[in-house]
Amino acid sequence: MNYNNWQISLKDSDRYDLNNIENYIKTSGFEALKKALSMNPDAIVESIKKSGLRGRGGAGFPTGMKQSFTKRSCDNCNQIYVVCNADEGEPGTFKDRYIMEKNPYIVIEGMTIAAYAVGATKGFIYIRGEYEKSIQSMQHAIMVCYQHNLLGQNILQGSFSFDLEIYIGAGSYLCGEELTLIESLEGKRGYPRIKPPFPAEKGLWNKPTLINNVETFSHIPFIITNGSEVYASIGTSESKGTKLFCVSGNVKQPGVYELPLGITLRELIYEVCGGMEANYEFKGALIGGAAGTFVDVTFLDVPLAYETLKEKGATLGSGAVMVLDNTTNLKGLLSNILEFFKHESCGKCVPCRIGTTILYEHSKNISNVDINWMLQQAEYMAKNSLCPLGQSPILPIKSFSKYFNN
Ligand SMILES: Cc1cc2nc3c(=O)[nH]c(=O)nc-3n(C[C@H](O)[C@H](O)[C@H](O)COP(=O)(O)O)c2cc1C
Ligand code: SF4
């Protein structure tokens, strides 16, 4: 397979400097926006639904459905917001940064089309503070778009207006969770809100809010330009389009790769990444980051897609693929993950605040780890915690216990 043919988020970014708007326009940039502005907004939402695009932030929720929920919630409301989640805090994940630095205009174009489709006039990109280069490239692109009448009042001399600004986060993992991000965007401390209501109903300043990941927005121009059928022809039955995989570990060529969903772990490691480094043997992978799942060698030929991984109790999550080898200290890695959750727990509710602490403290004693006891604690936490962070440690613990507890 020629893997280079599959480029949506990173289209033309290896040939041109797409931080230069002239290059972006030369490679059909903003053609999708022009086309979208001549369409009925409902037809755009239908097209996104038909394409099968699912959110790339981790949960894989259907994007078109989220757009229609947001629209439906605005019954005579005077404002809808669009928010781009560029907090990218999941360990092992470095794809949104790559898109923002290599192809910033595609994110703006995708957000503007989405805003037009749902009837929003104001948008925010919430970028983690550590991403200085991403902040710079997005700030520059926004400024240039205002100069070219691609943002602001009466975009491209039409009747649609959309303002976009950047908000810089302060490095909290929890602020990547959509409702916590919204609290932070409102200027409050990053504590989660109880769901429901979801952001589509009551989001930023209690207004209907469409929140999507950077990579999700970057797929919208392709769908508008090429049509939902072309997009839906890429990938598997329930996982359409491409995905950016962030491969780390002892492979010959680690990095970010955009590939069709459904590629197998074997193809990813041995063809795309050139195989394992000399003297390292593939043992498994941690897919989806800290809030992801461990898999072993039996997963080498399982397609990396939402449904196929789910069938086997695993998750695709953010697309992080940490390759584990014969030298990896697996218990040490699990302990590291639990330390991360302990550090990132906001402390608002007892099961998570105490649970993440005891899980980490127990895991430090590597020679005497009782994984079944840990699993019990993680289950209790998952049932009784207020937000999804408290429901996350069970994923790596359960999968570790299934594949590597020997
Ligand atoms: C603890 C936690 C952290 C999260 N961090 C991120 C993040 O950094 N980036 C992101 O896009 N989604 C993150 N999410 C998922 C968001 O809550 C939300 O599902 C996503 O922004 C929706 O966009 P999508 O539909 O395009 O995937 C996180 C979720 C949780 C529970
Ligand atoms: S589950 Fe954890 S992160 Fe979420 S509110 Fe409770 S203490 Fe905070």
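Predicted model: local features only at pLDDT ≥ 70, side-chain atom pairs only at ≥ 80, totals over all residues.

Colleague: OK. Which residue in β9 is the bridge partner of Cys 246?

Modeller: Ala 320 is the partner of Cys 246. The strands involved are β5, residues 242-248, and β9, residues 320-325. They pair in the parallel sense, over three bridges.

Colleague: What order do the strands of that open sheet come in?

Modeller: The order is β6-β5-β9-β7-β8. That makes five strands, with mixed pairing.

Colleague: And which strands stand at the edges?

Modeller: β6 (255-260) and β8 (293-296) do. Each has a single partner strand, so one side of each lacks a neighbour in the sheet. On average, neighbouring strands are turned by 30° against each other, ignoring direction.

Colleague: Switching to the ligands. What is closest to ligand 2?

Modeller: Cys 346, Cys 349, Cys 352, Cys 387 and Gly 390 are the closest, out of 14 surrounding residues. By type, that shell has eight nonpolar, four polar and two charged residues.

Colleague: How many residues surround ligand 1?

Modeller: 22 residues do. The closest are Gly 55, Gly 57, Gly 176, Asn 213 and Thr 216. Strand β4, residues 209-213, gives the largest share of the shell, with three residues.

Colleague: What about Trp 205, buried or exposed?

Modeller: Exposed. Trp 205 has 11 other C-beta atoms within 10 Å, and the cut-off for exposed is 12 or fewer. Trp 205 also lies in the loop between α8 and β4. Its phi is positive, about 45°, although it is not a glycine.

Colleague: And what is phi for Leu 156?

Modeller: Near 50°, again positive in a residue other than glycine. Leu 156 sits in the loop between α7 (132-147) and β3 (163-168). With 14 other C-beta atoms within 10 Å, Leu 156 is partly exposed.

Colleague: Last one. Which residues have the most contacts inside the largest nonpolar core?

Modeller: Ile 113, Ala 114 and Val 321, in a core of 119 residues. Helix α6 (residues 104-118) supplies the largest share, eleven residues. Among the residues Ala 114 touches are Gln 67, Val 82 and Phe 217.

Methods
Residues numbered from 1 in each chain as written. Chains lettered and ligands numbered in written order. Core = buried A, V, L, I, M, F, W, Y, C linked by C-beta atoms within 7 Å. Buried ≥ 20, exposed ≤ 12 C-beta atoms within 10 Å, placed from the backbone. Helix = DSSP H or I, 4+ residues; strand = E, 2+ residues; numbered from the N terminus. Contact = placed C-beta atoms within 7 Å. Near = placed C-beta within 6 Å. Nonpolar A, V, L, I, M, F, W, Y, C, P; charged D, E, K, R; others polar. Pairing = 2+ DSSP bridges. Axes fitted to C-alpha atoms, helices over the stretch in contact; angles between N-to-C directions. Lists of a residue's contacts leave out its neighbours within four places in sequence.
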